[in-house]
Amino acid sequence: LDNKLRVIDSVVNLGGVLPDSHDFVILPDGNYLLTGRLDSMADLSGTYFNGVAGSRHTRLLGFVIQVVNRKHELVWQWNSNEYLNPAEVVDSYGYDSTMFDYCHGNSVSVANDGNYLVSFRNMDAVYKIDRHTGKTIWVMGGEAGNFRFTNDKGFSGQHHVLQLPNGNVT
């Protein structure tokens, strides 16, 4: 929508990715960043979740980030099921082999250096993801965190992440 709430474009997820209502960003280059969901099956039989053994047939709910250009062509895609470890879910969120929402992405924002900051509620963590390779640059909070919180247990179910111009992450 423009500033008078007139429709200027309508964009949908591509390639069989289901829509996700958590985030949508118009990027500085005019491309669109959309979030979505694409599930896959995984063998988690060697992993325990709060004392419960994982199943050989676990349906992982994959959090997907898609960048789509103004011609509605896919420019870039990232799927949590290809990059994140489901064992890093925080036990209090539970395990369900029929529909395992291990990461639950809540927001995506563009960091000052152009990479992506993603808030994963069920991992109690924020990930900085390289916008070219899709690899994790760093993790703040959660089981795989690269930073220590002094006198604090860290995040718990956080939702929105944003980097301020001075570099601070909120």
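The following legends describe close-up views of a predicted model.

**View 1. Salt-bridge network of Arg 37, Asp 39 and Arg 59.** Salt bridges link Arg 37, Asp 39 and Arg 59 in a network. Asp 39 pairs with Arg 37, and the closest N and O atoms of this pair are 2.8 Å apart. The side chain of Asp 39 also meets that of Arg 59 in a salt bridge, at 2.8 Å from N to O. This second pair links distant parts of the chain, 20 residues apart: Asp 39 sits in the loop between β2 (32-37) and β3 (40-42), whereas Arg 59 belongs to strand β6 (residues 58-60). Asp 39 has a relative accessible area of 25% and is therefore partly exposed. Arg 37 is likewise classed as partly exposed because its relative accessibility is 23%. For Arg 59 the relative accessibility is 28%, so this residue too counts as partly exposed. In total, the structure holds four salt bridges.

**View 2. Salt bridge between Lys 128 and Asp 113.** The side chains of Lys 128 and Asp 113 form a salt bridge, with an N to O distance of 2.7 Å. Distant parts of the chain, 15 residues apart, are linked by the pair: Lys 128 is in strand β11 (residues 125-129), and Asp 113 is in the loop between β9 (105-110) and β10 (116-120). Is Lys 128 buried or exposed? Lys 128 is buried, because its relative accessible area is 10% and buried means under 20%. Asp 113, by contrast, is partly exposed, with a relative accessibility of 43%.

**View 3. Aromatic pair of Trp 78 and Phe 120.** A search of the whole structure finds 12 aromatic pairs. One of them joins Trp 78 and Phe 120 in a tilted arrangement, with 6.1 Å from centre to centre and 35° between the planes. Because Trp 78 lies in strand β8 (residues 74-79) and Phe 120 in strand β10, the pair ties together parts that are 42 residues apart in sequence. Trp 78 has a relative accessibility of 0% and so counts as buried. Phe 120 is also buried, with a relative accessible area of 0%.

**View 4. Aromatic pair of Phe 120 and Tyr 127, and the surrounding cluster.** Phe 120 and Tyr 127 form an edge-to-face aromatic pair, with 5.3 Å between the ring centres and 85° between the planes. Both Phe 120 and Tyr 127 are buried. The two residues belong to one aromatic cluster, which is formed by Phe 63, Trp 78, Tyr 83, Phe 120 and Tyr 127.

View 5. Leu 74 is located in strand β8. Its relative accessibility is 42%, so Leu 74 counts as partly exposed. Which residues does Leu 74 touch, not counting residues up to four places away in sequence? Leu 74 is in contact with Leu 14, Gln 66, Val 67 and Val 68. Leu 74 and Tyr 32 are 42 residues apart in sequence, and their C-alpha atoms are 9.6 Å apart in space.

**View 6. Positive phi at His 72.** Although His 72 is not a glycine, its phi is positive, at about 65°. His 72 is placed in the loop between β7 (63-68) and β8. This residue is partly exposed, because its relative accessible area is 31%.

**View 7. Positive phi at His 104.** His 104, a residue other than glycine, has a positive phi near 50°. Where does His 104 lie? The position of His 104 is in the loop between α1 (80-83) and β9. At a relative accessibility of 17%, His 104 counts as buried.

**View 8. Nonpolar surface patch of Leu 1, Leu 5 and Val 7.** Leu 1, Leu 5 and Val 7 make a nonpolar surface patch of about 370 Å². Leu 1 is part of the segment before β1 (18-26). With a relative accessibility of 59%, Leu 1 counts as exposed, since the exposed class requires a relative accessible area over 50%.

Key. Residues are numbered from 1 along each chain as its sequence is written. This is a predicted model: local features need pLDDT of at least 70, side-chain atom pairs count only at pLDDT 80 or more; totals for chains, interfaces and linings use all residues. Side-chain values use heavy atoms; hydrogens and water are left out. Patches are made of residues with over 30% relative accessible area and no salt bridge: like charges are joined within 9 Å, nonpolar side chains (Val, Leu, Ile, Met, Phe, Trp, Tyr) within 5 Å. Accessible areas come from the Shrake-Rupley method with a 1.4 Å probe; for residues, only the protein chains shown count as cover. Helices (H or I, at least four residues) and strands (E, at least two) are DSSP runs, numbered from the N terminus. Buried means under 20% relative accessible area, exposed over 50%, partly exposed in between (1.4 Å probe, protein chains only). Rings of Phe, Tyr and Trp (its six-membered ring) pair if their centres lie within 6.5 Å; planes under 30 degrees apart count as stacked, over 60 as edge-to-face and the rest as tilted. Contact means heavy atoms within 4.5 Å.
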